[in-house]
Amino acid sequence: IGSAVNVNLVIFYGAPLSTIVQVVRTRNSSSIHRRTMVMGLLNSFFWLCYGIALMDMIIFFPNVTGFILGIIQLTLCTFLPSIPTREADDAVQEHLVANNDSIVTSKEDISIPLDVDSSIL
């Protein structure tokens, strides 16, 4: 049961990083919840210290992983500021335009093949 809990703990520590691609692409760290990041970082740090004090690798390994993931999150939040939603939307649009990509913003932006009845849209 301890191994299952340790795997769950590493997933808990890494969960905020699920938005890392969005954070880097938009240069906006607002999707990282700061309170959860700080608490996870502190929790992993204290358990890491406890694991080192006991020289217990079962405590040490998942918490060193959590600490490293917490540092990555802290780095992202430090170097990529949190931008309010409207500004973030503008940043995404600028990124899409810069990369010759597009985003559907309205029904008029959708191309409809000629053989499709447009009244169903």
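Contact here means heavy atoms within 4.5 Å. Keep that cut-off in mind for the tour. The model is predicted.

**Whole chain**

Start with the cartoon view. The chain holds five helices and zero strands. From one end of the sequence to the other, the pattern reads α-α-α-α-α. The chain has 121 residues, of which 25% are buried. Next, think about contacts between residues at least 6 apart in sequence. Of these, 66% join residues at least 24 apart.

**Colour by confidence**

Colour the chain by pLDDT. The average is 78, and 70% of the residues score at least 70. Select residues 34–54, which are helix 3. Among the elements of the chain, helix 3 has the highest mean pLDDT, 92. Then select residues 85–98, helix 5. Here the mean pLDDT is the lowest among the elements, at 65. Where pLDDT is low, the predicted coordinates should not be read in detail. The stops below lie elsewhere.

**Stop 1: asparagine 6**

Go to helix 1, residues 2–14, and select asparagine 6. Show its surroundings. Beyond its neighbours within four places in sequence, what is asparagine 6 in contact with? The partners are Ile58 and Pro62. Look at the Ile58 side first. A polar atom of the asparagine 6 side chain lies 3.3 Å from the backbone oxygen of isoleucine 58.

**Stop 2: serine 44**

Move to helix 3 and pick serine 44. Is serine 44 buried or exposed? Its relative accessible area is 0%, so serine 44 is buried. Show what surrounds it. Setting aside neighbours within four places in sequence, serine 44 is in contact with Tyr13, Asn63, Gly66 and Phe67. Next, bring up leucine 41. Its backbone oxygen sits 3.0 Å from a polar atom of the serine 44 side chain. Finish here with phenylalanine 60. Serine 44 and phenylalanine 60 are 16 residues apart along the chain, with 9.3 Å between their C-alpha atoms.

**Stop 3: the loop between helix 2 and helix 3**

Slide back to arginine 27, in the loop between helix 2 and helix 3. Check the backbone. Phi of arginine 27 is near 55°, a positive value in a residue other than glycine. Arginine 27 counts as exposed because its relative accessibility is 52%, and the cut-off for exposed is over 50%.

Select asparagine 28, which lies in the loop between helix 2 and helix 3. Asparagine 28 has 5% relative accessibility, so it counts as buried. Where does its side chain reach? The asparagine 28 side chain reaches the backbone nitrogen of serine 30, at 3.0 Å.

**Stop 4: the loop between helix 3 and helix 4**

Jump to methionine 55, in the loop between helix 3 and helix 4. Look at the backbone again. Phi of methionine 55 is near 55°, a positive value in a residue other than glycine. Methionine 55 is exposed, with a relative accessible area of 69%.

**Stop 5: the nonpolar patch**

Return to the surface view. Select Ile20, Val21, Val24, Ile68 and Ile72. They form a nonpolar patch on the surface, with about 390 Å² of accessible area together. Which helices each supply at least two residues of the patch? They are helix 2, residues 20–26, and helix 4, residues 57–79. Helix 2 gives the most, with three residues.

Zoom in on valine 24, in helix 2. How exposed is valine 24? Its relative accessible area is 41%, so valine 24 is partly exposed. That value falls between the buried cut-off, under 20%, and the exposed cut-off, over 50%.

Notes
Residues numbered from 1 in each chain as written. Predicted model: local features only at pLDDT ≥ 70, side-chain atom pairs only at ≥ 80, totals over all residues. Heavy atoms only, no water. Patch = residues over 30% accessible without salt bridge, like charges linked within 9 Å, V, L, I, M, F, W, Y side chains within 5 Å. Areas by Shrake-Rupley, 256 points an atom, 1.4 Å probe, with all protein chains shown as cover. Salt bridge = Lys/Arg side-chain N within 4 Å of Asp/Glu carboxyl O. Helix = DSSP H or I, 4+ residues; strand = E, 2+ residues; numbered from the N terminus. Buried < 20%, exposed > 50% of the residue type's maximum accessible area, 1.4 Å probe, protein only. pLDDT = per-residue confidence, 0-100. Polar contact = N/O pair within 3.5 Å; in protein donor to acceptor, adjacent residues only side chain to side chain.
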